[in-house]
Amino acid sequence: MKLVESIMTRNPCCTAGRKITVKGLMLHSVGCPQPKASAFISSWNSSSHGSSCVHGFIDGNDGTVYQTLPWNHRGWHCGSGSKGSGNNTHIGVEMCEPACIKYTAGSNFTCSNLEEARSVAKRTYEAAVELFAMLCRKYGLNPLADGVIISHREGHSRGIASNHGDPEHLWTQLGMGYTMDGFRGAVKAAMGGAPSGTDGYTKIMGNAAATVEQMKAYLKAKNPNVAQSVLDMVPLYLSEGRAEGVRGDIAFAQSCLETGNFTFSGSAVTLSQNSFCGMGVTSNGMKGNSFGTPQLGIRAQVQHLKAYASTDALKNACIDPRFKYVTRGSAEYAEWLGQKENPDGKGWAAGARYGEKILSILKGILGTAGGESKPVEAWYRVRKSWADASSQKGAFKSLGNAKKCADENPGHSVFDESGKAVYTKAASFQPYLVRVSIPDLNIRKGPGTDKPKTGKYTGIGTFTIVEEADGEGASRWGLLKSYREKRNGWISLDHASRI
């Protein structure tokens, strides 16, 4: 996490200097299509801004956290409700939102670039997890305790905030799969909340260790009468698992446990249901969920495992009917899939040693002959987006060749096997105008407060920025046009408004 102190010293909340005893943290999203934290800081850092002030903004473009108010100062970020105001007890942090959304009515919006929007939401979510973990450690807060970490929406439900739907409205409409329960769990994990000794535990997310040949051989040894249709679908565990970053061999071992090695003896589900993990069987006598094809059934199972093991968004459209009921990230390890062994009591099954049983089967699979296989070749694909396969310009074993192809095709990026963008050509910089509204903005010889001052100020007026750079003390620095030749005239863009 990159944390930049950018205290809004002119904001009335800061000048008032009122202190609070920090009892919790409240998560917000800004409610408008603006990913740049500096835009809010510039606007709000004024004595005439009004009463609103938050303790921090998270930039949507790079995930940088900007602290805008001392953590123990009283802000005004959530209004009030029937039981008082969370401003008196909670630190408030705003996540910036994608530029490609457009609000239509209330909290509803349209989105012109779903991939870009999800990237921004993921970036701010992950930065918020790290920030809240730091603040929980700083103030001795338990992120899973009642009322400690809440959203603005949850604050309203508790009677301590105004009627807003953030940030869940953003996550839901973008299909991120994020929930506040998942967020709280992620904060705990980031604090090192896992019990000691997890180094020997088995992560659900990752690459499968078993091969298709091993899985088939194991199954035929355990069930000599296994249907050919079952053997034919075994490769789907690895391909569907790879698509979501889940170990497909763990999913297969779980299916062996739930179906009695696909004999379905004593199982609550049947082969025709294409549900090989007992999904939806929440009590004795229930039939559970059914799926149209074996692939869809396995996909739903993999997605359900990912819901427990990770807070990352799904790559494929969600077909798991029970995905929304899972506390995201609550069972990172296979050993924690059983509720009795899970440190928070949140797991897939209530039966004792559930995860241990799955891993016992996996051990048997890995001990089966057929483990020697050729490594999967890694390919880099050049597309406009991972989802837009029709825009693909090529697939390359060499990352260098893939980058060259992307450079030759504007708007295209390089994606790895998991669909992650690993390279995008930087757009050429275009000079632009800014308005400076304060008379004493320092001009520095380099980008950063650690660089010497020139002894001159911009004064109030309009200026041309010909280059940008990162540096200490500001979210971004801009080079003034009149200093372009020697590159020795930089200003903080936090105190300038783009025209």
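So, strands β3 (residues 56-58) and β4 (residues 65-67): these two pair in the antiparallel sense over three bridges. Pairing here means that DSSP finds at least two bridges between two strands, and the helices (H or I, at least four residues) and strands (E, at least two) are DSSP runs, numbered from the N terminus. Across that pair, isoleucine 58 stands opposite valine 65 in β4.

Before I go on: this is a predicted model, where local features need pLDDT of at least 70, side-chain atom pairs count only at pLDDT 80 or more, and totals for chains, interfaces and linings use all residues. Residues are numbered from 1 along each chain as its sequence is written, and side-chain values use heavy atoms, with hydrogens and water left out.

Okay, the sheet. We have an open sheet of six strands, with mixed pairing, in the order β1-β4-β3-β5-β2-β8. At the edges sit β1 (3-5) and β8 (149-151), each pairing on one side only. From one strand to the next, the twist averages 25°. Angles run from 0 to 180 degrees between N-to-C directions, with axes as lines fitted to C-alpha atoms, for helices over the stretch in contact.

What packs on this sheet? Helix α2 (residues 37-44) does, touching β3 and β4, and its direction makes about 155° with that of β3. Contact, by the way, means heavy atoms within 4.5 Å. Helix α6 (residues 180-190) packs there too, touching β2 (24-29) and β8, at about 150° to the direction of β8.

Eight of its eleven residues are buried, so α6 is largely enclosed by the rest of the structure. Buried means under 20% relative accessible area, exposed over 50%, partly exposed in between (1.4 Å probe, protein chains only). Among the buried ones are Phe183, Arg184 and Lys188. The buried residues of α6 pack against β2, α3 (114-139), β8, α4 (152-157) and α5 (168-173).

Now over to glutamate 244, in helix α8 (residues 228-244). Is glutamate 244 buried or exposed? Buried, with a relative accessible area of 4%.
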